[in-house]
Each structure stands twice: as structure tokens, then as C-alpha cells.
Amino acid sequence: MKRITMAGPLTVADYMKEVLTNPLSGYYMHRDVFGSAGDFITSPEISQMFGEMLGVWMVNEWINCYNGQEIQLVELGPGRGTLADDMLRVFSQFPEIASKVSLHLVEVSPALSNIQAIKLVGDPDSDKEDAYQTAKESKITAIEDGGPYREEKSKYGPSVSWYKSLADVPEQLSCYIGHEFLDALPIHKFHKTEYGWREVMVDVDPQKEGLRFVLAPSDTPASKAFLHVSPSEERSNLEVCPSAAIIIQEVTKRIVQKGGYSLFADYGHSGEKGGTFRAFKQHKLHDPLEDPGTADLTADVDFSYLRRYTSDEVSVFGPIAQEKFLTNMGIGYRLQALLRSASQDQWADLISGYNMLTSPQQMGERFKFFSITRKHSNDYAPAGFTDLHVKDDTSEGS
């Protein structure tokens, strides 16, 4: 609030940056916000099957397109490291890729990098405070030299490196993974008025000790640079994420120059939604302007907008619903295998996790998968995006 009082209203993008990633008080910077004890739970935390399906996806694409070549797994915003850990476990079952892969994590939070390291390295007896301090000190080095600020050897064998931005990751053949990453990037909000489109700003509310949304009285730099509205646009609220566009452009460039493929999974749509900016606290919707820094801020990803920032030199697939992607990858068969090897006491949790991931009433429809790959000379489509026409008969009676 002091910044707004001194310098005037903030764009929603600047507000999100300040609230989420401020080095001193940012929401993500100094604590574990994931899981049942945090503010939200992600698919990898719900069931190991999610990460296993993504691991199988990466192995399949590597065998089909890059068999025998060294490859980087680059995860953007890796949370607790659960997804990466599950994928590395899958790779350990395939010696051909296990000896060729390295893991590269793009993580700005020293606290989360420590949690990820403990998960991936598998040393529960490590001194967390020492590890956290090491991460803070090495992050300063990363800012100076642009390299990884931390390096470890995972419990499965492949090396793990941490970076503050994608720009610091070596440009080599890579698989880029982003799960619930794009939806946390800063957005600009715009509202349609009788005077035209106006940017939504965050200002101090003079009627109470808090914040409020206001409309810019005229065009802003963001509205001139980022707002491109079709005359047929029917929505009255639009959200634009230039940071996500920059990520997609960088991933596209790297895939064209060095090869590889990418997979993004997020709350999202194909250009039909607006007004999705919201906050979550303790697994419930929360006023995004109340108690800044204590809740997660997010907005649905507009995949139609991101498509415009790819190029003719790559192929783009999706977005498709999470339920369809996971079913195409064989999650039903994986559930059956786990049920056969599990005790009856574990069946309820396995089935509950499966249903949460795939049910259209839960995550199955709300989450979308989106992939960018190198252009192929034929009609090749990556696994998961090819409808196998396989009926999934998995149910609670399995």
C-alpha cells in the first residue's frame, strides 16, 4: 500500500509481481504453500499417476524423435519437486534414457528450492537451515554469472540444477514442462466501457484501510502494447499475460534451434473466458486484494493468445482436457496395475486420486494440456493428443 500511496495505482501485473515474488515478502519466496496444509493442492500431490503419465509421455517422445541423444528435462515452477521426482522414477525404469537425461529446474524461491532438493536428493536427515542458507548465498552467485545457483545429484542418478530464469538454462535438446506455472504469471486486466477499453488498476480505497480495483481514465502503456481486440469480441473483461507469451516465444525458439518438445498443463481456455483473476487461501476462494501476500493469485491461461506467439516452424497441439490426455496416456491401466499390487486399505486413496484427476466435475475438464514440438514432415502427433479410442472402464468397482 505504501508503494501505491507514493507512486499511484498499480497494474494488476505489477501487483501480482509484488505479492507473489517480492524477495522479502513474496507469497512463494519463504514457505511451502502446497498440499493440504497450504493453500492449494496440485495434481502431482494428489496421485503419483499424474507424474508417471508425464514421465511416460517424455520417454515416448524421446524414443520416437530423439532416441539415443542426451536430453534435458526443464521444469518451470517445480513446486515441491514431486512431479520431477515421479518423472525421474519413471526414467529409472528405462536405462536408455536414464543415462541420457539431466534435470533443470527454474525456481526463483530459495525456500522451495530447498524443499525440492530434499525431495529429489532423498536426504531426509539434511540440515534444512544450512541448505536454505546455501541456496540463498548461491542464488547471489547465479545473479552475477547467469549459471545454476545450485547443483545436486538426484537419488535416481541424473544431475539436478537450479536456475532463476529460463534464460539461464543451457540451450540444448530439451523437454520443457510447465504445470500450474503459466497461470501464476502476471496478467494485465482490461474492462470494456462506453468510452472503450480501459485497464483495471489496483489502488488504495479511501473509504477503508484496504485496496480496490479502479479503471484507468485513459489508455495505458499496457493497453497500447498488449490489447489487440477483434471488432467481434463479445467479452467485456479480458486478461492478457505478456510474461507467458515471452516464455512461449523462448521455448519455441529453443525447440526450433536445438530440438525438443514441451508440455504445459494449466487452468485454461481457448479465448472464450474473461474475468478469471482470483486468489486461493486454505483451499478456498479469497479476495485477491485482501491481506496481500497471504494467498495465491492466479488467472486462467488463454491458450489461443499463446498460440499467436509460436511460429510456423513448430507444431502446436491442444489445448485438450486433462481427462482426455491422461486417458489417452493409459492412466486407467496404471490405476489397475497399482490396485493389483496395493493392499485393500490403499484402494480408496488410489481411486479417489484417479477420480480427482480425471472427473470432469473435478480437475478433468478444468485443466488443459498444450504442447509445442518441432515441426515434423508427416502428420505425427505426440502421445496424449492422439485419440486412441480406448474406452476406460475404470470405476470404483474395479
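**Cavities in the model**

Reply: Strand 10 (237-240), strand 15 (301-302) and helix 11 (303-307) each supply at least two residues to the lining of the largest cavity. Keep in mind that this is a predicted model. The largest cavity holds about 120 Å³ of space. Its lining has 15 residues, and those closest to the centre are I187, C241, D300, V301 and D302. By class, the lining of the largest cavity has ten nonpolar residues, one polar and four charged.

How many cavities of 30 Å³ or more does a search of the whole structure find? The search finds two. The second largest cavity has about 40 Å³ of space. Its lining is made of E61, C65, Y66, G260, Y261, T373, R374 and H376. Three of the elements, helix 4 (48-66), strand 11 (260-269) and strand 17 (367-374), each supply at least two lining residues here. Helix 4 gives the most, with three residues. The classes in this lining are three nonpolar, three polar and two charged.

Now a word on helix 10 (residues 242-258). This helix has 17 residues and reaches 24 Å from its first C-alpha to its last, close to the 24 Å expected. Its buried residues include P242, A244, A245, I247 and I248. V251, T252, R254 and I255 are also buried. Just after helix 10 comes G259, with a positive phi of about 85°.

Key: Residues numbered from 1 in each chain as written. Predicted model: local features only at pLDDT ≥ 70, side-chain atom pairs only at ≥ 80, totals over all residues. Heavy atoms only, no water. Helix = DSSP H or I, 4+ residues; strand = E, 2+ residues; numbered from the N terminus. Expected span 1.5 Å × (residues − 1). Buried < 20%, exposed > 50% of the residue type's maximum accessible area, 1.4 Å probe, protein only. 1 Å grid on protein atoms, 1.4 Å probe; cavity = no way out; pocket = protein on both sides within 12 Å on 5 of 7 lines; lining within 4 Å. Points joined across faces, edges and corners; volume = space filled by probe spheres on them. Nonpolar A, V, L, I, M, F, W, Y, C, P; charged D, E, K, R; others polar.
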